[in-house]
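Good morning, and thank you for coming. Please look at the sequence and the structure while I speak.

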Amino acid sequence: MTRVTIDNRVLELDPEDRLNGIEAAARLGIEIPHYCWHPGLSVVGSCRMCLVEHGTIDRAKGHVVMMPKLVPACQTPATDGSVFITNSPKVVQARAMVEEGLLLRHPVDCPICDKAGECFLQDYHFRHGQDARRADARPFVSRRRELGPDITLFVDRCILCSRCVRFVREVSGSSELMVTGRGSHEEIDVLADFPLNNNLSGNVVDLCPVGALCDKHFLYRQRVWFMRSHEGVCAGCATGCSIWIDENQDRVHRIRPRENPKVNRWWICNDGRWSYPHVHNPSRLATPLRREGGATVAVDWSKLVRELDGRLRHAGPLAAVVSPFLTVEEAYLLCRYIRSIDPEAILALGPVPTVGEDERFPGGFVISAEKCPNRRGVERILAHFAGRVASFDEVVSRAHQGGVGGAWVSGGYRRPWIDASAAEQLARAGLLVVQDLFDSPLAERAGYVLPGAAFVERDGSYVNRDGLLQSARRAIRPPSGARTEGSLLWELSGRSGLYQAEVVLQEVFREIEMKEPRMNTDEHG
Amino acid sequence: MKPDDPRVRWIDEPELGPLGRVYVPLATEGLATTLRHLFGRKKTVQSPEERYVSPAPLIYRGVHRLNRDSQGRVKCVACFLCATACPAHCIDIVAAESPWPDRDKYPESFTIDELRCIYCGMCEEACPVDAIELTSLYDLSGKSREEMIFDKEKLLAVYDMTKDAEPMRTAGVPEPRRKEDGP
C-alpha cells in the first residue's frame, strides 16, 4: 500500500495505480490547476500551472524532507512517502504568476470567444489569478488562421500548452500540427500542404483549454451557457462512443466526447461529432400518412394506433424488418408485438450499412466500418424470438413471391438505404408499414408511413461492437408530428402510460440472458 | 473584484441618534418636505401638448439604440451578454462571422421586442463594447406588435437620430484592433 500525504491528509493508493500528483490529489477532492497535462496524453510539464511543494518522508529520521523548489504535480509520481502541499502561500503565488504571464499576451476577447464560459484560462484566473493587470496591455482582436476544413486557430488566444500537438502525434498519429518559432514567438501551425485533416481532428477543440482552436461548424452558433448537456451514446457506428449532447430549446448544437474508459476514453471521431445535422433536416418526415389506392391521407396519431393494430391482425402472415438503428428495447417491443399477432412471423435484421474497413488509430481508437449502433443488440433479440436472424433479402424475396401479408419495416438510417427495386418487391406485401426518418422509395410505396425518431430523441440501450450494453436517455424531443418508435410500440402492445425504456429493459433481462457487461450512463462520466 | 477582497469596504447603515429615536423631529422634517413641494413650483407637464424634456437624458432609460463604430458599422460584437443579462428575454441575436477583416464576430440579426422589454437597463450595463444604450426617447408607440419588434436597422436608425443630442458614453475610448503581426 502506497501512502501519500496531500495537504496534511493521508491517501492510500494501490501501487499499481501509478498516479501523478494531480490524479492523487483529485482522489481527495483537491483540484490542482493544470493546462498542459491531460490523462490521455504524454506529460510535458510545460505550463507550470500545477506547481506544488513536494517532499518525502524520511521514515528513519522521522521527519519530512521538502524540495527547495516547486515541482510540477503532473510530472511528480505519487510514490510511497511522498508529501504534496498544494495550498501554501508559495504555491498560491506561483499560480498567480503563471496566470499573469499567460494573460500578458492574451487578447482577452472573451466576449467574442466561443470558449468563454467553459475556458480554463477564465476559470483559473478567477480562482487563482490576481484582480488587476499590472502590465499596460489592452484587449485586442486575435489573429486567425485556418488549420484545416473543420478547425480554425485564433493564434493569439493560444497559451502553448501543446495538447493539440501531442494529440495529433500520439492519438490520431497524423502529426499535422507543430509549434513554430521560439520563446514568446511560439505559435501552433501546419505545413502549407498538410492541413489538419484527420478523422479525429475535432478532438483538438475539446482538448484546447482556451479558445484558440475552434470548431468551424459550431463557431458563433451558441454561447455555451445557453446549452444544456445530456449524456448520450453515439449512433454513428458500432463503436458506440459515450457523448455529451449539447442542446438549447430542442436543437442540438454540439456533440462532445464523454469520458468512458471502456469504449472511447476521451475521444470521438469527426463523423460522430458532426452527426447531428440530419436530426434537424427540414425534409424529415413529420406527419403519419396512410395511402389508399392513389390517395394519401394524413392520420392522427391518436386514431392510428387502433387502426394499425386492426389492419395488422387481419393482414395474414407477417414480417418485421428490425433496423440496427433501433434500441434493444424498441427491437424487443417490435418483435414481441409482431410475434403476438403471428407466432410464425419472419423477423429480419435491416440492412447494415458498412463503409470501407475499420479505421484504427495509434492511440487505440477505432472507427467501425459498420455504421449503425445496435446490430448486436437487435440480433440478440431476433435470435431470442425467432431462433435465428433472418436476412433482409429473405424478407424481400418472400414478399416478392407474395408470401407476406403484412410487413413492418423500421428504418432510422441517416442516409438513403433502400433502392427502388427492393422497395418494389417489398411493396407486394398486402400491408406495408414503414417507420423512418426520411422519405425513401419504400416510404413512397407504403400503406402507412410513420415518422420516427433520431438517436438524440430516443430512450434506450445499444449493444456496441464489444458487446457492451449502454443506456441513455433522450436529449431533445422529437419534432412535432414524429414519434419515437418505442412510445408507439409501447402503446401498440397495449401498455398504459408513457413509454418507459427502463421497464422494457428489465423485461428483456428477465427473458434473455445478456452475457454482455452492462454499463449505465450514471456509472461514469 | 471578489467580495472578500481586502480593498472592499463594507458599510452599515448608521444607527439612529437620540433625536432620531424620539420620532417627532424626523417626522416633522419629512412633513416639511411634503409641504414645500405642495406650495412650490409645479413640475407636472401637460403632455402631449407640452413635451417633457429629461434634465438628465444620459441616465434616462427609454428606447434602445445600437451604436456605430468609428467607421459607421454596427459596434455590437454579438457576444450575447445583453441577451444573457436580459430578465425579460426580449433580445434575440443571430451571430455570424463578420464581413470585415479587422473584426471577428458581428450580429447578422439583432432584434429587441420593445413591448416585452421592461427598460431595466441591464443590457446596457452588460455590454462590453458599449454598443447598446438606452436613449431618453420615452413616447414610443406603434400600430402593431410586429412594428414594435425593432430590428438592427431600426435600432441603428435610433442611434442616427439621437447621436447629436445624446453622444455615445464612451466616445473617446479606442476600439480593439487586430494584431497584424506576432506579439
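This is a predicted model: local features need pLDDT of at least 70, side-chain atom pairs count only at pLDDT 80 or more; totals for chains, interfaces and linings use all residues.

The contact between the two chains takes 16 residues from chain A and 21 residues from chain B, where two residues are in contact if their C-beta atoms, placed from the backbone, lie within 7 Å. On the side of chain A that touches chain B, 7 residues are nonpolar, 2 are polar and 7 are charged. In this classification Ala, Val, Leu, Ile, Met, Phe, Trp, Tyr, Cys and Pro count as nonpolar, Asp, Glu, Lys and Arg as charged, and the others, Gly among them, as polar.

Residues are numbered from 1 along each chain as its sequence is written, while chains are lettered from A and ligands numbered from 1 in the order in which they are written.

Let us turn to chain B. Its secondary structure comes to 5 helices and 5 strands; helices (H or I, at least four residues) and strands (E, at least two) are DSSP runs, numbered from the N terminus. From the N terminus on, the order of elements in chain B is α-α-β-α-β-β-α-β-β-α. Why is chain B described as more spread out than a compact globule? The radius of gyration of chain B is 23 Å, well over the 16 Å that the globule rule gives for 183 residues, so chain B is more spread out than a compact globule. The radius is taken over C-alpha atoms, and the rule is 2.2 Å times the number of residues to the power 0.38. Along the principal axes, the C-alpha atoms of chain B fill a box of roughly 70 × 55 × 30 Å. Of its 183 residues, 22% count as buried, that is, 20 or more other C-beta atoms, placed from the backbone, lie within 10 Å of the residue's own.

Within chain B, strand S2 (residues 91–97) and strand S3 (residues 105–113) run antiparallel and are joined by 7 bridges; two strands pair if DSSP finds at least two bridges between them. B:Val94 has B:Ser109 in S3(B) as its bridge partner. S3(B) is also joined, by 2 bridges and again antiparallel, to strand S5 (residues 149–150) of chain B, where B:Phe150 stands opposite B:Ile112.

In chain A, consider helix H4 (residues 163–170). Which of its residues are buried? They are A:Arg163, A:Cys164, A:Arg166, A:Phe167 and A:Val168. These buried residues pack against strand S9 (177–180), strand S10 (187–190), helix H5 (203–207) and strand S11 (213–215) of chain A. S9(A) and S10(A) run antiparallel, joined by 4 bridges, and A:Met178 stands opposite A:Asp189 in S10(A). The two strands form a hairpin with 6 residues between them, and A:Gly181 in the turn has a positive phi of about 75°.

Finally, the cores. A nonpolar core is a set of buried Ala, Val, Leu, Ile, Met, Phe, Trp, Tyr and Cys residues joined through C-beta atoms within 7 Å. The largest has 142 residues, and those touching the most other members include A:Ala319, A:Leu334 and A:Leu426. Helix H8 (residues 328–341) of chain A gives the most to this core, with 8 residues. Apart from it lies another core of 31 residues, B:Cys76 and B:Ile132 among them.

Methods
A residue is buried if 20 or more other C-beta atoms lie within 10 Å of its own, exposed if 12 or fewer, and partly exposed in between; C-beta atoms are placed from the backbone.
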